[in-house]
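Below is a short report on sheets, salt bridges, charged patches and backbone angles in one protein model. The structure comes first, and the notes follow.

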Amino acid sequence: MLLCAPIEDAALEVLRAAGEVDVIPADDEELLLSRIGDSHALIVGRNQRITADVIKYGYNLRAIGTLDSHLDNIDVSTARALGIEICYAPDSRSVTIAEHTLGRLLALAGRFTDGRLAGKTLGLIGFGLVGRQIAQRAAAFDMRILVNQPRLTPELALASGVEATDLIQLLAASDFISLHVPFTEETDAIIGAAELRHMKPTAVLANMGHTDLVDEAALLQALEAGELAGAALANLPAVVSDPTPASLALRDHPRVHVAPHVSALLDNQLRDSSLDIARQVAAALTARRTSETLELELVPIEQVVPHEHIDMKRVARLVDRLEEDGRLINPPITTYWKGRFIILDGATRYSSLNQLGYPHAIVQVVDKDREGFQLHTWYHAVSAEEAPDAEDTFQQLHTRLAQIDGLILSPTNADDAQIALQRPESLCFFIDRQGGMTLAEAAPGASKLAVMNGIVDTYNAWGRVERTLLTDIDRLVAQFPRLVAVAVFPQFSPEDVFDAAANGDLLPAGLTRFVIPGRILRLNADLERLKRDEPLAEKRAWFNEFLAGKLSRSRLRVYQEPVVLLDE
């Protein structure tokens with residue numbers, strides 16, 4: 001492998017254990033081009049440009065590693081199209097900054113509040129890589145996390161366990177507020193006198209980034225007036241030759257915690273990030289190629305099983321479209337468990353292929369231990385077909401539910417419901433429109449999944465059902481005016497879901513949602529070839545050739561969201 005940048009000794013040892021390391025100067029492109037053809041890996045330093053022409057000379061390359069925390073200097077599309085793994089550490093800087101910020105929050109809690117983070121509300125202004133790393137760590141402290149970030153997607157909010165809100169609501173509700181936005185014309189003094197007035201007098205503010213994100217004169221005035229409990233600020237940068245009196249007074253204020261700017265700490269993470277990249281490169285050199293690298297497999301369809309019940313009406317619609325299109329656009333996503341490919345997403349596609357008599361299926365196979373892989377459980381908002389103006393509306397549904405064999409319904413309350421949900425026999429609890437709560441349990445000897453499916457089937461037949469993550473009745477009624485009740489289910493573990501599916505026991509439809517990093521889209525595989533009656537080995541050889549051809553002529557688009565598009 002070629003190494004074009006100084007690297008930490010520990011990282012160099014990892015590389016040497018994986019193969020022979022040839023060190024060359026970063027600025028000698030002629031030497032690089034003469035050596036790259038014989039190399040299986042290339043590691044470059046920060047700001048070193050690797051163009052498509054350079055990459056194409058590396059016809060044996062399996063991996064390109066960069067010590068940069070971004071990929072701006074590498075032609076990723078060309079590398080991916082040639083099946084070359086890109087190895088970098090995008091989170092290395094963000095982890096350092098996040099840990100630094102959490103340290104400041106703990107210091108603020110100890111000096112200016114009751115010393116606790118647990119149960120408090122953290123407001124994050126900005127939710128990029130750093131914000132997400134902070135949210136992950138704050139969640140471990142049992143903090144509620146509010147986020148103000150333009151264009152925050154529901155996917156990101158769900159995956160990160162945060163609540164998106166506007167700036168004023170964040171300021172008013174937060175006990176700790178931390179800024180993580182870049183300094184621009186729009187964010188200049190994003191926290192000024194008007195914003196400070198919305199904060200609690202017991203709240204504390206942390207700004208470890210650009211000093212001009214905060215109107216420091218206004219912050220000093222708020223602290224002097226007792227309108228804010230405290231603040232954490234970075235030392236003034238050395239480039240500030242003539243700081244304002246307010247900035248100097250602020251950093252001498254007894255209710256201000258001053259710490260080194262985080263940039264002073266970032267050099268310390270170079271060792272960890274270079275070691276991470278070296279390990280990625282070493283792993284890429286032993287990784288499989290083509291379909292295996294893409295996690296795509298062509299498998300007997302009888303080995304593929306869904307994990308939840310399937311809406312056959314949707315299957316009927318898709319059958320017609322598949323026959324007309326003649327292509328499998330997006331493969332079902334599965335995980336391999338106990339000899340079965342358990343479908344995580346795409347059960348309708350699988351059922352359509354099965355109904356059409358396909359002997360084999362193309363599936364993406366992901367590892368449940370992959371970073372970012374998560375399972376979320378939806379709640380079900382049940383609405384009446386007509387406006388629920390009578391107080392006994394839930395009683396009507398209750399009467400239907402009570403007819404389910406093996407189901408026990410009993411009244412409960414908010415204090416007991418969540419505890420009861422942890423018991424093995426508990427299935428869910430209902431919160432009705434008036435705030436009453438009813439616990440649903442399986443009777444001794446009854447099949448839990450059978451009874452749970454009976455519950456969902458019953459209220460699906462009775463009214464209209466929408467998926468939700470809310471349990472607040474007022475907010476639910478505002479969203480679903482005909483709401484009768486919300487069914488709150490326990491959080492399932494992936495292993496329990498996979499075990500049930502492998503045994504042929506299916507969950508109710510619409511309860512689970514898997515967050516799957518790196519899903520593959522726009523495969524566009526030829527269904528006519530997939531349906532042929534030929535040995536699996538021959539069909540797999542065709543599929544590998546198909547993928548190799550697609551990769552050689554495609555420009556793969558890599559998004560910040562973990563998605564791979566196999567465009568022609």
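## Salt bridges

Arg35 is partly exposed, at 33% relative accessibility (buried is under 20% relative accessible area, exposed over 50%, partly exposed in between, with a 1.4 Å probe and protein chains only). The model is predicted: local features need pLDDT of at least 70 and side-chain atom pairs pLDDT 80 or more, while totals for chains, interfaces and linings use all residues. Residues are numbered from 1 along each chain as its sequence is written, and side-chain values use heavy atoms, with hydrogens and water left out.

A salt bridge is taken as a side-chain nitrogen of Lys or Arg within 4 Å of a carboxyl oxygen of Asp or Glu. The count by this rule is 15. Arg35 pairs with Asp22, and their closest N and O atoms are 2.5 Å apart. Because Arg35 lies in helix H2 (residues 29-35) and Asp22 in strand E2 (residues 22-23), the pair ties together parts 13 residues apart in sequence. Helices (H or I, at least four residues) and strands (E, at least two) are DSSP runs, numbered from the N terminus. Asp22 is partly exposed, with a relative accessible area of 27%.

## Longer links in sequence

Glu295 forms a salt bridge with Arg370, with 2.0 Å between the closest N and O atoms. Glu295 sits in the loop between helix H13 (290-293) and E13, and Arg370 in the loop between strand E18 (360-365) and strand E19 (374-377), so the pair ties together parts that are 75 residues apart in sequence. Glu295 is partly exposed at 21% relative accessibility, and Arg370 is partly exposed at 22%.

Asp345 and Arg519 also meet in a salt bridge, at 3.0 Å from N to O. Asp345 belongs to strand E17 and Arg519 to strand E27, so this pair ties together parts that are 174 residues apart in sequence. Asp345 is partly exposed at 30%, as is Arg519 at 22%. Asp345, Arg349 and Arg519 are linked in a network of salt bridges.

## Sheets

Strands of a sheet pair through backbone hydrogen bonds, either parallel or antiparallel; here two strands pair if DSSP finds at least two bridges between them. E14 runs parallel to E17 (residues 340-345) over two bridges, and Val305 has Ile342 of E17 as its bridge partner.

Another open sheet has seven strands with parallel pairing, in the order E8-E7-E6-E9-E10-E11-E12. E8 (163-164) and E12 (256-259) each have a single partner strand, so one side of each is left without a neighbour in the sheet. Four bridges join E10 to the parallel strand E11 (residues 230-234); the partner of Leu205 in E11 is Ala231.

## Positive phi angles

Ala189, not a glycine, has a positive phi of about 55°. Ala189 lies in the loop between strand E9 (176-179) and helix H9 (193-196), and is partly exposed at 32% relative accessibility. Asn524 also has a positive phi, near 55°; Asn524 is in the loop between strand E27 (519-521) and strand E28 (525-526).
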